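Dear colleague,

Please find below the structure that I am handing over to you.

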Amino acid sequence: MYKKNDVIQLEISTLGSEGEAIGKIDGFPFFVRGAVPGDVIEAGVTKVKKNMAFARLIRIIKPSEDRVDPACPYFGKCGGCQLMHMTYDAQLKYKEEKVKNDLIRIGGIDKAEVEKAYAGIIPAKEVFHYRNKEQYPFGEDKDGNTVCGFYAYHSHRIVEQTDCLLGNEENSKILEKIKEWMSECGLSSYDETSGKGYLRHVMIRKGNLTDEIMVCLVINAKKFKGSDIFVGKLKDIPGMTSITFSSNTENTNVIMGDNSTLLWGCERIRTVIESDNGNIEYALSPLSFYQVNSKQTERLYSKALEYAELKGSETVWDLYCGIGTISLFLAKKAKRVFGVEIVPQAIEDAKANAKLNNINNAEFICGAAEEVLPAYYKDTAEKPDVVVVDPPRKGCDKSCLDTIIKASPDRIVYVSCDPATLARDIKYLCENGYALKKYAPCDMFPNSFHVEVCCLLERLRSAKDHIKISIDADDYYRIKDNK
Ligand code: SAH
C-alpha cells in the first residue's frame, strides 16, 4: 500500500473531468495536476484514499508528444486554465472524449448511437484573448497590500495577476487605476473570513465589434466612496461606456449583488453577433449573463439554429434565455418565440434587444423555468414545435423537463455548459419519447477544461403510432390486392 511522501514513477494515461492527470500503477489510480497523457513522471504521494491517491509532480522523466510550454507564466499557480500545457489538438480531443463518455456512461446511450450522432467539434480560431469578460477578486496579502488576480485551483487564495492571456488587453490598465483610487481614498479589500473590507470584485466586459467597455465594482457596502475620483480615473480610457457598482454585503460565494447602480455613462454596453441572416445587436446590463467568447457564440448559435430547422411557421420556446441571445437569433426564422429567464435585469435587456432589432415576434417572461413553464403550459396548453434550453451548469429542473415532455415538441435543442448534467437530462428525455439525433461540442473555453455542447433531440413516433401505421399499411395492401 502507498503512503504520503512515497516517490513513484508514473505514466499518465488519461485526464479526469476537470483536466487532472491520471496514471495507474497495478490498476490503482493516482491524480496529479500539471501532467499530460503520455508523460512519464516522477511524483510524490500527497494523500492516499481507499480507491485512489493524489500525488505532486516532481519531474518529467519523458514528456508526452501532446505537451507544450504553457504560454502564461502563471499557469499551474492560477486556477483559471488547466490545459495550457497541451497542444490545441490534444485539448480538443480531450473535450470530444469527455462529452462522448458522459453521453454513454451517464446518458445511458448506446456507444454506436452516440458515434452516429456525433457531428464534430467546433474548434476555436483564437485560443488567447477570447474572453469578453473577467471577474477579478480583490484581497490583501499578509503584509496588508491590496492584491487582485484569480483564485488558485480549488481555493480562494488570490494569485496576483492582472494581465490574463485570455482576457481583454485593457484589463490591466483598468485594474491599475482601481488600485490607485483605493489607495487615494484609503479603501480596503474584502476579507472573506471576517466579512470586513470594502472592495470585493471588479467585473470588466467589452462588447464585440463595438469595443464598448463596462466596469462594475462589487462592494461590501451600500454606498460608493470617492466616486468622482474613481470616475475621473476611468472615463477617458478608450471605449469606456459604462461604470457601475453592485452592492453585495452578504457572506456568500455569489459574486454580484442583486442590484447595480450607475456611476457614469450608460447602464448597458452594446455587443454584436454577426450572422448570415444579418447582425444582431444586444444591449447588456451588468447583472445579465452573456457568453464569454463572442466569436464561438456565433458558431454555437448557428449550430442551434441549424438544429432547430425553422421554416417560418414554428412556435419556439427558449428556456433560460438570458438577454434573449438565442431567442432573437431564432425569432428571425420562426413565427413566434417565447423566452423564460430568472434574472429581471436580463429580461429587461431581452425586451429592449427585441425592440433594438425590430423583432416583434418574441415575448419574454421573468421567473424560474421550473415554476413559470408548468403554469404557462397549464394556462395555454401551447404546443411548441421546437424547444431550446440553455441552462446553467446544474442543468434543467425535472419539472421543467416534465413540462417539455408534456408539450411534446418535435425537436429539442439542448445547449449545455456541463456535459454531465446534459447527459443526465438527455437520459430522462430519452426515457420519455425522445432520441439523440445529433450533437456538436463547441470549444468556447480554449486552455480550460470547460466545454459547451449543442444537441438535437427528436421526438420518436410513439409505439401506438407505429402500430397504427403498420395496420394502415396492411389494410392498404389488403384492399389493393382485393384480399
Ligand atoms: N441563453 C442565454 C443564457 C444562457 S446562461 C445565452 O445564450 O446568453 C443560463 C441562463 O439561465 C442565465 O441567464 C441565468 O440567469 C438563467 N437561469 C438560471 N437559473 C434559471 C432558472 N431556474 N430559470 C430560468 N432561468 C434561469
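Buried means under 20% relative accessible area, exposed over 50% and partly exposed in between, with a 1.4 Å probe and protein chains only. Helices (H or I, at least four residues) and strands (E, at least two) are DSSP runs, numbered from the N terminus.

This is a predicted model, in which local features need pLDDT of at least 70 and side-chain atom pairs count only at pLDDT 80 or more, while totals for chains, interfaces and linings use all residues. Residues are numbered from 1 along each chain as its sequence is written, and side-chain values use heavy atoms, with hydrogens and water left out.

Among the buried residues of H5 are Leu300, Tyr301, Leu305 and Tyr307. Their cover includes strand E13 (269–273), helix H6 (325–331), strand E18 (386–389), strand E19 (411–416), E20 and E21. Just after H5, glutamate 309 takes a positive phi of about 45 degrees.

The buried residues of H1 include Leu92, Tyr94, Val99 and Leu103. Strand E1 (7–15), H2, H10, strand E20 (434–442) and strand E21 (452–459) are included in what covers the buried residues of H1.

The axes of helix H9 (residues 398–407) and helix H10 (residues 419–430) come within 11 Å and cross at roughly 35 degrees. Axes are lines fitted to C-alpha atoms, for helices over the stretch in contact, and angles run from 0 to 180 degrees between N-to-C directions. In this pair, Lys398, Leu401, Asp402 and Ile405 of H9 meet Asp425, Tyr428 and Leu429 of H10, where contact means heavy atoms within 4.5 Å. The contact residues divide into four nonpolar, no polar and three charged. Ala, Val, Leu, Ile, Met, Phe, Trp, Tyr, Cys and Pro count as nonpolar, Asp, Glu, Lys and Arg as charged, and the others, Gly among them, as polar.

**Strands and sheets**

Five strands close into a barrel in the order E1-E2-E3-E5-E4, with mixed pairing; two strands pair if DSSP finds at least two bridges between them. E1 and strand E2 (residues 21–25) run antiparallel and are joined by three bridges.

A further seven strands form an open sheet in the order E8-E7-E6-E9-E10-E11-E12, where the pairing is mixed. Strand E8 (158–160) and strand E12 (261–265) are its edge strands, each pairing on one side only. Neighbouring strands of this sheet are turned by 30 degrees against each other on average, direction ignored. Helix H3 (residues 171–185) packs on the sheet, and its direction makes about 150 degrees with that of E9. Helix H4 (residues 227–234) lies across E10, E11 and E12, running at about 45 degrees to E12.

Strand E16 (residues 336–341) has six of its six residues buried, so it is largely enclosed by the rest of the structure. Arg336, Phe338 and Val340 point one way from E16, and Val337, Gly339 and Glu341 the other way. Strand E15 (residues 315–319) pairs with E16 in the parallel sense over five bridges, and tryptophan 317 stands opposite phenylalanine 338 in E16.

Yours sincerely
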